[in-house]
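Here is a brief report on one protein model.

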Amino acid sequence: MALSFSVLASGSTGNAVYLETKEKRLLIDAGLSGKKLEGLFQQVSRSPKDLDGILVTHEHSDHIKGVGILARKYNLPIYANEKTWKAMENSIGTIHSEQKFIFERGCLQTFGDLEVESFGVSHDAADPMFFVFHNEGKKLALATDMGYVSEHTKGIVQNADMFIFESNHDMNMLRMCRYPWNIKRRILGDTGHVSNEDAASALAEVVGEKTKRIYLAHLSQDNNMKDLARMTVKQILEENDCGIGYDFHLYDTDPNKATSLVTL
């Protein structure tokens, strides 16, 4: 076994990604209740009691709802940057000092046989960041809640073996929905979320010869659909002569159902 992972949940109601190597087991974000997270772990025949830690991307509730619950129940260390710690402390409850660790953006930390590279993104949070995971020559890129896909992000995630990539909304659905204009403007802005179209355009630039799987993540429940996201991304990748369906494949994620545990 090299690097294995499952997107336990992804969407506006909660996000969590499980990752394991021969030596380490990590959870990235825990944006659901403790009970729901434990059920999602069961779907992939794993348990949070075996985790070596929780990495936090940013303080929004759909990413931290269960962080404090799991950390206290299973005595888990939590890794987040300093600004995120300050922003989420009142939301996750009391955490003992020995469980608190700083992981700043733009840094590389080693967890046993796993190297984790953090990078900043444009999102309306205190100091949002996501991660690229490296193990035995394999690379997994996790990038959601980006606002827009910067050139810096493209360079870091380039030619990953697997991508978990934001495809939040369909532009037309969002424009026509009943959201107030200030909410629409927030989602469409540079600190909001990435559309299907923009996700596809960015992916066309970063997929490479190593890329085998792309998981479309953080889909809006109100302004997107799995089939629509997949169709839009597929069409744009085909227009850019990417080897979709041959060299690599697209996969769905779900807010309530874990993806199969896959090994890179």
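## A buried aspartate

Where is aspartate 170 found? Aspartate 170 sits in the loop between strand E11 (162-166) and helix H6 (171-176); helices (H or I, at least four residues) and strands (E, at least two) are DSSP runs, numbered from the N terminus. This is a predicted model: local features need pLDDT of at least 70, side-chain atom pairs count only at pLDDT 80 or more, and totals for chains, interfaces and linings use all residues. Residues are numbered from 1 along each chain as its sequence is written, and side-chain values use heavy atoms, with hydrogens and water left out.

Aspartate 170 is buried and has no salt bridge. Buried means under 20% relative accessible area, exposed over 50%, partly exposed in between (1.4 Å probe, protein chains only). A salt bridge is a side-chain nitrogen of Lys or Arg within 4 Å of a carboxyl oxygen of Asp or Glu. The nearest side chain of opposite charge, arginine 175, is 7.6 Å away; Lys and Arg count as positive and Asp and Glu as negative, with His and the chain ends not counted. A polar atom of the aspartate 170 side chain lies 2.9 Å from the backbone nitrogen of methionine 173.

## Salt bridges

The count comes to 17 salt bridges. Lysine 73 pairs with glutamate 38, the closest N and O atoms being 2.8 Å apart. That pair links distant parts of the chain: lysine 73 is in helix H3 (residues 67-74), and glutamate 38 is in helix H1 (residues 34-43). Lysine 73 is exposed, at 54% relative accessible area.

Lysine 86 forms a salt bridge with glutamate 82, at 3.9 Å between the closest N and O atoms. Both are in helix H4 (residues 82-92), 4 residues apart, so about one helical turn separates them.

Key:
A polar contact is a pair of N or O atoms within 3.5 Å; within protein, one must be able to donate a hydrogen and the other to accept it, and residues adjacent in sequence count only if both atoms are side-chain atoms.
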